[in-house]
Amino acid sequence: MLWFHCDNDTGQIVAAGMSCTLEEAQKNLAPEGKSLFIVPDGTVNAFQLPHDFTILKRVLSDAVDKGAGEFSSRFVTVAATQEMRYQEKYSEAVNWTPETDPADVPFLREEADATGQSIEVVATTVKQTRQVWKIIGSKIEGRRMGAKQAIANAETLPAIMAAANVDWESLVPVPASAEPDA
């Protein structure tokens, strides 16, 4: 593990070292006015000046993508071909009318049969679920792209690490019943 001490005011690296484990790296307490940053091995050459953060930025940008995918999986099923099934069900739901032949909406028909609901109820649920996903999905995408841009634009190690620290949980809507009384 590679560690750095950075000046809290300037963001400049003032010390660097290597440790065999994360636990050992964490023991390198930063002196007052400095912060400790631990980066993945092979992402920054601590002994080359000026420091090149290109690889670190790529690794952290990829980690942001992975984080967005993991967070998204709380709201949608992530599985091979699942996106195609969602798209097909939504297309059927948007085009469904009470006059539609059930044979023309096989995804809705199969789900209705499996759950004991009417095709109308399934179609309504699919459309409502899509609207909810558009809200949370667009927020995830905005946060993901903002973090990646901030990583790309950052010039100091503290700024890069801060940009990669994405707060996905703040995107979860708080139900009205859970909000504190005003």
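Okay, let's start with Lys66, which counts as exposed at 57% relative accessibility. Exposed here means over 50% relative accessible area, buried means under 20%, and partly exposed is in between, using a 1.4 Å probe and protein chains only.

Quick note: this is a predicted model, where local features need pLDDT of at least 70, side-chain atom pairs count only at pLDDT 80 or more, and totals for chains, interfaces and linings use all residues. Residues are numbered from 1 along each chain as its sequence is written, and side-chain values use heavy atoms, with hydrogens and water left out.

So who does Lys66 pair with? Glu70, in a salt bridge whose closest N and O atoms are 3.9 Å apart. By salt bridge I mean a side-chain nitrogen of Lys or Arg within 4 Å of a carboxyl oxygen of Asp or Glu. Glu70 is partly exposed, at 48%. Both residues lie in helix α2, residues 54-72, 4 residues apart, about one turn of the helix. Helices are DSSP runs of H or I, at least four residues, and strands are runs of E, at least two, numbered from the N terminus.

Now, how many salt bridges does the structure hold? There are 8. Another one joins Asp7 and Lys34, with the closest N and O atoms 3.5 Å apart. Asp7 sits in strand β1 and Lys34 in strand β3, so this pair ties together parts 27 residues apart in sequence. Asp7 is buried, at 17%, while Lys34 is partly exposed, at 26%.

Last stop, helix α5, residues 119-153: Arg144 and Glu141 both lie there, 3 residues apart. Their side chains meet in a salt bridge at 2.8 Å, N to O.
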